[in-house]
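Student: I have a complex open on my screen and want to go through it step by step. Shall we begin?

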Amino acid sequence: MRLLVAALAACLVLAPLAGSRAVEPSEILDDPALEARARDISKGLRCLVCQNQSIDDSNADLARDLRVLVRERLTAGESNRQVIAFVTVRYGDYVLLEPPLKPTTYLLWFGPAAILLAGGAAVIMFLRRRTRLAMSGSAPLSDDERRRIERLLDDDVH
Amino acid sequence: MRLSYMLPVAAFVGLAAVFGFYLYQVSAGGKNIRDIPSALIDKPAPEFSLAPIEGRNDGFATSDLAGKVSLVNVFASWCLPCRVEHPILMRLADEGVPIFGINIRDKPEDARRFLDQLGNPYRRIGADNNGRVSIDWGVYGYPETFIVDRGGRIRYKKIGPIMPRDLDEKIRPILERLGS
């Protein structure tokens, strides 16, 4: 049992280290801070050949070229934002794995929340109406109704 | 029938219409859902200057595109679909359409053999050995073909091989409209 726990713990610790399959040793920058920024940017850029992988994960030629490009521009002193802008100008927003927040993407970002709110409002309105109907059923009887009931009960007795 | 009961029906019809429209585009319209709209349409062609394929003496730079409507084709000898569209490029070249080539990540001897065997439809070819100029053009699939107008602006991009249908329905009409 103890061995199993140790093995699981080792897996948890080592798993993140196994993530960098595609980045080749020759690509890695000497400056660890710069390399960390490069990795960070690469994880957010889509490999357009494979479309659902980041360039950090992909072995495609284009992904490698883009990784090298990102590192070159960082080394030249550009900010993360500048590097990402350089790639977006050429490939469009689609290259970003996380779509940017802007008027054309408001529906994408806020649509689900809006649908949830609308659905919630509909449910609340439905429940309110139902309780209101149930309440109105127990309203006090009118004089007319009371006289009718008494008459019916009297009939039963006789 | 109360209006609120119609709401789910209306939502369903609306969604079905949207999905149906896209399905129609894919099946009947010949639209490839993997194609990503180019960010560079109507933008000036990138500034670049490429050396020729080793053993040739042309090379290709932005200035070559000045003052005419031309096709820019990204190709490589290792790219199978490039061979599929090659006869169409040859035909366009015969008709006098200026076609320029960007040869991407190719071995010089392979590229030269490709041109020798299949014919050379290109006025000038640049060798993009590290893929950097192709990135400037926003290229991600091979082949890719751009139409550049007289003013040096990119007006159209075809991802993948040019098929006869693309030639008749897109490329020829655009060339005509731009007055090639």
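Student: How many Å does helix α1 of chain B reach from its first C-alpha to its last?

Tutor: Keep in mind that this is a predicted model. Helix α1 of chain B covers residues 3–27, which is 25 residues. At 1.5 Å a residue, 36 Å is expected. The span in the model is close to that, at 35 Å.

Student: What is the count of buried residues in α1(B)?

Tutor: A buried residue needs 20 or more other C-beta atoms within 10 Å of its own. α1(B) is hardly covered. Among its 25 residues, the count of buried ones is zero.

Student: How many Å separate the centres of domain 1 and domain 2 of chain B?

Tutor: The domain assignment gives domain 1 as 1–31 and domain 2 as 38–178. Helix α1 of chain B spans residues 3–27. Taken over C-alpha atoms, the centres of the two domains of chain B are separated by 40 Å.

Student: What confidence does the predictor give: which mean pLDDT for chain B, and which ipTM for the complex?

Tutor: In chain B, 96% of the residues reach a pLDDT of 70 or more. The mean pLDDT of chain B is 91. For the complex, the pTM is 0.75 and the ipTM is 0.80.

Student: Which class supplies six residues on the side of chain B that touches chain A?

Tutor: The contact involves 13 residues of chain B and 13 residues of chain A. By class, the chain B side has three charged residues and four polar ones. The six are nonpolar.

Student: How many helices does chain A have?

Tutor: Chain A has zero strands. From the N terminus on, its elements run α-α-α-α-α-α. The number of helices is six.

Student: What share of the contacts in chain A with a separation of 6 or more comes from residues 24 or more positions apart?

Tutor: Chain A has 158 residues, and buried residues make up 15% of them. Among its contacts with a separation of 6 or more, the share from residues 24 or more positions apart is 49%.

Student: Which residue of chain B does A:L66 touch?

Tutor: Set aside residues up to four places away in sequence. A:L66 then touches A:L45, A:I55 and A:V87, and from chain B, B:I135.

Student: Is A:C47 buried or exposed?

Tutor: A:C47 sits in the loop between α2 (32–43) and α3 of chain A. Beyond four places in sequence, its contacts include A:Q53, A:I55 and A:L62. There are 25 other C-beta atoms within 10 Å, so A:C47 is buried.

Student: How far in space is A:L116 from A:L96, C-alpha to C-alpha?

Tutor: A:C47 and A:L96 are 49 residues apart in sequence and 9.3 Å apart in space. A:L116 lies in helix α5 of chain A, residues 106–137. A:L116 and A:L96 are 20 residues apart in sequence, and in space they are apart by 26 Å.

Student: Is B:D42 buried or exposed?

Tutor: B:D42 is in the loop between α1 and β1 (49–50) of chain B. Its phi is near 70°, a positive value in a residue other than glycine. With 10 C-beta neighbours inside 10 Å, B:D42 counts as exposed.

Student: What is omega for the peptide bond from B:Y142 to B:P143?

Tutor: B:P143 is found in the loop between α4 (132–136) and β6 (144–148) of chain B. The bond from B:Y142 is cis, with omega near -5°.

How values were computed
Residues are numbered from 1 along each chain as its sequence is written. Chains are lettered from A and ligands numbered from 1 in the order in which they are written. This is a predicted model: local features need pLDDT of at least 70, side-chain atom pairs count only at pLDDT 80 or more; totals for chains, interfaces and linings use all residues. Helices (H or I, at least four residues) and strands (E, at least two) are DSSP runs, numbered from the N terminus. The expected span of a helix is 1.5 Å times one less than its number of residues. A residue is buried if 20 or more other C-beta atoms lie within 10 Å of its own, exposed if 12 or fewer, and partly exposed in between; C-beta atoms are placed from the backbone. Two residues are in contact if their C-beta atoms, placed from the backbone, lie within 7 Å. Ala, Val, Leu, Ile, Met, Phe, Trp, Tyr, Cys and Pro count as nonpolar, Asp, Glu, Lys and Arg as charged, and the others, Gly among them, as polar. pLDDT is the predictor's confidence in each residue, from 0 to 100. Domain bounds come from an automatic or database domain assignment.
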